[in-house]
Amino acid sequence: MIFAAPRRFGQSGAVDVNHSHTMPKLSRRTFLAGSAVLLAAPAVTARGDDYDVDLVVVGAGAAGIAAARRARAGKARVALLEAGPRVGGRCITDTSLFGVPFDLGAHWLHFPSSNPLVTLASTAGLEVYPAPRGQDVRIGPRSARDSELENFLAALVRAHRAIDEAGRKADVAAARALPGDLGGWQSTIKFILGPFTAGQNLDRVSAQDLARGGVRDIADFCRQGYGALLAKLGAETRPHLSTPVTLIDWDRRGVDIRAGKDRMRTRTVIVTASTNVLAAGKIAFKPEVSHRVREAWRELPLGSYDHIALMMPGNPLDLQPDELVFEQSASERTAALLGRVSGTDLHLVEVAGAFGRELTGQGEAAMVDFARGWLTSLFGPGVKNAIKRSHVTRWNEEPWVLGAMSAATPGNADARRALVESIGGRIWFAGEAVHGTKWGTVDGAWESGERAALAALGQMGMLEKPKPERSSHRSRERQHERRRRRRRRRD
């Protein structure tokens, strides 16, 4: 049932932005001993069943790291198992490719005023700064004039309002909600609200789901990289890397987790794998989860969103640091540009949605060729010689991710609710797909991980009871006065 022989369960390491270090090989004896020392929690026994841990967290992305940290703070014994070779999930920073921090996945810290990761970044000694407001819009080889930019922004506001109104009435495709005439900005707005925001074309996105996500035009950046922050936070959880969970076998007494030939017995489990990984059946459940949950995985598919990273020294495009650029496009074969990332020579051409998926499927050479041609059409022929190095991401090909962010299909905006509920009080789901309003964001994943951990701790009876509030100063004065009166009466 649990580690029949003391074989290695998985080699684990805490991944930093620049390097990783290897943790000792894991056997049942070393795991249990290490857990006891680290977490100072007693062994838990129920109905004669011995548990290796109180909680297994599957996946060391933002949701998994948040869940593991919160459960450990509650004195639970936790094992964080990650299928890949590093922590961060869809949030990874690389510094070796270009010599500067390059976020291969998520880069924007959305909702900075309420984003817990902004505070954690400061605590971790990383620098967070506001992303510039607004964007440049190119019309052919020139920037839009002030009047043209005003028309674009007005059309974008109209489109947002139309989707919000449609979402309040019925759960239709967001594309159906758009006004008929957006003054020549139709394709651009479709790209911004669909592929750029949700990783999907608007005909595949629920208007209700998109409306609940709100306007995300205020964000921060982390100078050292969003993935660098997740790596720091994840290192504290001592994750077990390259340990793909393949079976979750549960009943009313507990859960058996299988990873390769090894097994672990736990009281509860939090699954943070992406909806595409779950829908692909990469993790089996015994007994099988309900039809409602399986449908939710399929109704919340990950879209496509990738970076074509270009090193262009000397600012040949004459851009400000972190300048965001769109174009007035005539088709869906368009992109966005995030120029001079954190003031460096790194530029990111963002391709997404159906066109992005098609392009990434053609490979790195085709992606770089598109970026070179697209930038040339906007900034002139000098771009070709300005590109010194390049690298692309292809998240659709990552075996334990299979895409970018989730977006509800038309008619299925409420599918996220099916993933919030526990299965038998033993299994919880967490991740950006489980957050009703902050889906597609790292902080949404983080919040859902913390929420799942609290639910699991509550189910196990491990939540501390709130301490009674201390008496106020006035209340203490009244108590003292009553005592003085009693003493006077006795005297």
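pLDDT is the predictor's confidence in each residue, from 0 to 100. This is a predicted model, in which local features need pLDDT of at least 70 and side-chain atom pairs count only at pLDDT 80 or more, while totals for chains, interfaces and linings use all residues. Residues are numbered from 1 along each chain as its sequence is written, and side-chain values use heavy atoms, leaving out hydrogens and water.

**View 1. Residues 1-48 have pLDDT under 50.** For this stretch the model has 99 contacts (heavy atoms within 4.5 Å) beyond four places in sequence. Where pLDDT is low, the predicted coordinates should not be read in detail. The chain has a mean pLDDT of 88, with 85% of its residues at 70 or more.

**View 2. Tyr129 and Phe221 form an edge-to-face aromatic pair.** Rings of Phe, Tyr and Trp (its six-membered ring) pair if their centres lie within 6.5 Å; planes under 30 degrees apart are stacked, over 60 edge-to-face, the rest tilted. Here the centres are 6.0 Å apart and the planes 65°. Tyr129 is buried at 12% relative accessible area, and Phe221 at 0%.

**View 3. Phe191 and Phe196 form a tilted pair.** Their centres are 6.1 Å apart, with 40° between the planes, and both residues are buried. Ring pairs link Phe191 and Phe196 with Tyr305 and Phe326 in a cluster.

Technical notes: Buried < 20%, exposed > 50% of the residue type's maximum accessible area, 1.4 Å probe, protein only.
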